[in-house]
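This briefing sets out selected elements of secondary structure and the contacts between them. Please read it alongside the sequence and the model shown below.

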Amino acid sequence: MSEPVNSRDAPLPDRIAEHMEKPALDDRSYRVIRLRNQLEALLIHDPEADKVSAALDVNVGSFSDGVDMPGIAHAVEHLLFMGTKKYPKENAYNQYLTSHSGHSNAYTAATSTNYYFEVAASSKTSNSKSSSLSRTLEEDASSLKENSPLYGALDRFAQFFVAPLFLEDTLDRELKAVDSENKKNLQNDTWRLHQLSKSLSNPKHPVCHFSTGNFKTLHDEPLARGVQIRDEFIQFYDKHYSANRMKLVVLGRESLNVLENWVEELFSLVPNKDLARLRWDNVSPLTENELLMQIFAKPVFEMRTLDFSFVYRDEEDMYASQPSRYLSHLIGHEGPGSILAYIKAKGWANGLSAGGSTLCPGSGTFSISIKLTEDGLKQYQEVVKTVFQYIALMRDSPPQEWIVDELKRMSEVDFRFKQKSPASRTTSSLSAIMQKPYPRNLLLSGPSLVREFDPKAIGEALSYLRADNFRLTIVSQDFPGDWDQKERWYGTEYKIEKIPKDFLADIRKAAQSTASERPAELHLPHKNEFIPNRLEVEKKEVDEPLKTPKLIRNDENVRTWFKKDDQFWVPKANVHITLRSPLAGLTPHSTVATHLYRELVQDALVEYSYDAEISGLGYSIIAHTSGLDVSVYGYNDKMSTLLEKVLVSMRDLDVREDRFNIIKERLMRSFRNWDFQQPYQQVGTYSRWLNSEKGWINEQLLSELPSITATDIKSFFPQLLRQLHIEVLAHGNLYKEDALKLTDMVESTLKPRILPPSQWPIRRSLIFPPGSNFVYERKLKDPANVNHCIEYMLYVGHDSDRDLRAKLLLTAQLTDEPVFDQLRTKQQLGYVVFSGTSINNMWAGYRILIQSEKSPEYLEGRIDAFLTDFEKTLEEMSEEEFEEHKRSVINKRLEKLKNLTSETNRFWTHIVSECFDFEKVDHDVAHLTPLTKADLVAFYKQYISPSSPARAKLAIHMLAQLTSETDVPAERKTLLEQGKANIQNALGESASQSLEVEINGSGQKNIGNGTTPVVITDVHAWKASLEVSRGARAVRDLSDFEDLGAKL
């Protein structure tokens, strides 16, 4: 019998570390402990947290899959969520999290499986004075647990690793979820090419495994061999899940002593089997059988890439010098003298990335990936030689200490001013880091800081980048065209061959080239002038951070919004600029021209901006229907220098024919590839198009692109910039005078004519009339995709109606877990199931999205049935449960901003919306607080219930070309009949007489409120038949925000 957890005789956990090297602004406290079962835990006390979290990383992953059961580690990850001995109800965990503003997830990697959750810090609302939890052991322990959602979540979470049930009746469902997850990725080139590389690796190394698994590998084939699959999963769990392989991170508001007690109480029962840390020391992922090969692969997307894979070493123990960062810094550089600068100037490439990584303890890989142009594909052998010439240059130049000093300096600055990230991201990443051999006081800084210059280690690292230690992968839809094999798991067409002898001889010559034999354009980078020096922050304590920026300039040319940072205290800023112009999105032609112009500007800035980018200072240019957004962000020291260069490049762009042709071809591929995304990634574009008065979709833009010439852009962009309204947000470590100077720079550089408000674009939404029932169908273009998709949207009203908005937010909260539990977990309609609010411009509504092998018509029936059933669930819900959900959504709305950028983004969203509703969160809470269950029932019956005669619905059906559903299975007919019965009961006898539920995809479908669906065939005519909403208007007079006086 195990010893009682709280027995006085039970040994206390070992305290491994209490003084963590941490960022300057980090106000958390830390402790690393080891329980008597050898489970190691990092405890984090954050007194200001409003969201708390835990994560547990187990040192087992897909590399431990059995050869005869690929994907078993991933399947076990899924099955652990399905009930435990203490909490046998399969969705008890998720129900608990949802009711406390929480969520959870997990992932399976090569050598670890990572589980994590996040919940509200208190069971009371975040703005409640009494929600501050006790932080000392002296307080009453039982009341502390009762008031802490973290304890309840930890209790449920710990049971996954103490006594999971692997419930028999959940097995098939969860294996179908794994199968659906795999099918979601079958046409995804990232997954396809990654698996191809794995499948063509050393068959004796576990990298060759198929890590996701599918129903065939996890169910059908094992059953055919007479395997009891539940027993197999339990055996895998028993064999690999051990306390000494687990790393736990708990982040809470409670004191470290309280967290320690809870962890000891709940996790000491995890069995310890004293398993060794998994390593693969004596086997290489690529041997002489796989090296010096070239693989030609045919992708789904139109893309052209050249990838190098070098066998490399495991550098986990080299955290102080991180030699691979030196290699990737030079090979991946984009400035003058770099590989990319040279091959880009030749017209061969558009991008390059490089980096080393530990594949698993015992082996690593160093990869270089190059995005080729059409000419680059033809000249790929020249590109390969250029890479090896640069590697030869690196060998000829002894490791440069000044380069490492720059890497050290930037790593120190970035770590020093690192800001908080969401709680679950923090715990999940740290639990994975704990699996690595960092000293425990360096868990936060170990991965981040380059601490020393080690020329010997760099030289040894470079010795792996040899002409006999790599293989190539060339990815193209057209070249060479004679692919003769198919990869087993994803069906990727490929061809593999030895690198031809003459080509290999050229490579070896390049790898041994001298300075006189290499292009003079290749050289090491110059010193980086963008590394920040001024890092001072003037910190002034404030009682409460300001919730709104100030309007410090407001005239016919410009509006400038400004807020000096008053809560994050980092030497950073974000400056967003909208150049408002009706020309940018006036027609599909002008929209495409604006996109081309943006791409050309960014292309011209690559070499210059790279130094800034690696120094924590970036920029972006985004084209949209109302103009262009120009942003600079990062360390504020050299921000004005970068902004000036971007603006001058926009004004003085030299549209070169050769670069225009490359950029245009790249944009053409991007538009064509859009149609080959996952269906759920496409459907949102159509829903936004169909609820907006204006806008263009991909096919309209693509049809315009071929006719646009370089001459067109030369004449277009000066017109675009000639007449503008400028709107600026400057936020961060800046003063008022800095914001005004940056605004002056924009105005004086571009010198636009005034664009009067009467000419500003107005964004309006369509109003769906009560009782409407619209269906829009699109046939998906990927012939090999097996998944359909539906986005089922219910129109509620105008987003500015605060009462309706509050009810909509609460409805989304109430249905969140039931939608997932019913439509995904129990009915297994598909891996991608999502529900929530749908807000676009002025349009506010509720949506459910499902990607599935089942037809959209069938899915629509299941959604109707769910919404009908949930109406009864809502009516029968206890007041206590209703109030829990209300509290949960209020806590979500009141969640604290984690960093400067999150606050900037909130401000900018309200500015570009033209509503300036900076205090929207407070208004939401004020309207949520008084809501009663009766209010929600009435709202649901009017806007959501399928039986409502006033409900307004739009369903978008994305139809797969490839489908296995020729006949309707019996279970599907049964489900349809159940759905039909539910709706008939809700409608009553008279309405149900005309009800027909479509089964085979033919015939008229009358569902829900009895209205006949209107199939939209002519979108223009359909939009013309509808009324439109009013446009965006400021919620307050802008003069309320003005601060036009003296400097701050």
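**Helix 2 and its surroundings**

The buried residues of helix 2 pack against strand 5 (103–108), strand 6 (113–120), helix 4, helix 26 and helix 28 (879–893). Contact here means heavy atoms within 4.5 Å, and buried means under 20% relative accessible area, with exposed over 50% and partly exposed in between (1.4 Å probe, protein chains only). The model is predicted: local features need pLDDT of at least 70, side-chain atom pairs count only at pLDDT 80 or more, and totals for chains, interfaces and linings use all residues. Residues are numbered from 1 along each chain as its sequence is written, and side-chain values use heavy atoms, with hydrogens and water left out. Helices (H or I, at least four residues) and strands (E, at least two) are DSSP runs, numbered from the N terminus.

- Six of the eight residues of helix 2 are buried, so this helix is largely enclosed by the rest of the structure.
- Those buried residues are Ala92, Tyr93, Tyr96, Leu97, Thr98 and Ser99.
- Just after helix 2, Ser101 adopts a positive phi of about 55 degrees.

**Helix 2 against helix 4**

- Helix 2 (residues 92–99) packs with helix 4 (residues 149–158) at an angle of about 165 degrees, and their axes are 10 Å apart; axes are lines fitted to C-alpha atoms, for helices over the stretch in contact, and angles run from 0 to 180 degrees between N-to-C directions.
- That angle makes helix 2 roughly antiparallel to helix 4 (under 35 degrees counts as roughly parallel, over 145 as roughly antiparallel, 65 to 115 as roughly perpendicular and the rest as oblique).
- From helix 2, Ala92, Tyr93, Tyr96 and Leu97 meet Pro149, Gly152, Ala153, Arg156 and Phe157 of helix 4.
- The residues of this contact divide into seven nonpolar, one polar and one charged; Ala, Val, Leu, Ile, Met, Phe, Trp, Tyr, Cys and Pro count as nonpolar, Asp, Glu, Lys and Arg as charged, and the others, Gly among them, as polar.

**Helix 26 against helix 30**

- The axes of helix 26 (residues 802–826) and helix 30 (residues 920–928) come within 9 Å and cross at roughly 80 degrees.
- Helix 26 is therefore roughly perpendicular to helix 30.
- Arg802, Asp803, Arg805, Ala806, Leu809 and Leu810 in helix 26 meet Lys920, His923, Asp924, His927 and Leu928 in helix 30.
- By class, this contact has four nonpolar, two polar and five charged residues.

- An open sheet of seven strands, with mixed pairing, has the order 10-11-9-12-8-14-13; two strands pair if DSSP finds at least two bridges between them.
- Strand 10 (349–360) and strand 13 (485–486) stand at the edges, each with a single partner strand, so one side of each is left without a neighbour in the sheet.
- Strand 9 (residues 305–312) and strand 12 (residues 470–475) run antiparallel and are joined by six bridges, with Asp307 opposite Thr473 in strand 12.
- Helix 6 (residues 189–199) lies across strand 8 (293–297), strand 12 and strand 14 (493–498), running at about 150 degrees to strand 8.

**Strand 19 and its partners**

- Strand 19 (residues 627–635) is mostly covered, eight of its nine residues being buried.
- Nine bridges join strand 19 to the antiparallel strand 17 (residues 572–580), and Arg580 has Gly627 of strand 19 as its bridge partner.
- Strand 18 (residues 617–624) runs antiparallel to strand 19, with eight bridges joining them.
- Tyr619 stands opposite Val632 in strand 19.
- Strand 18 and strand 19 form a hairpin, with two residues between them.
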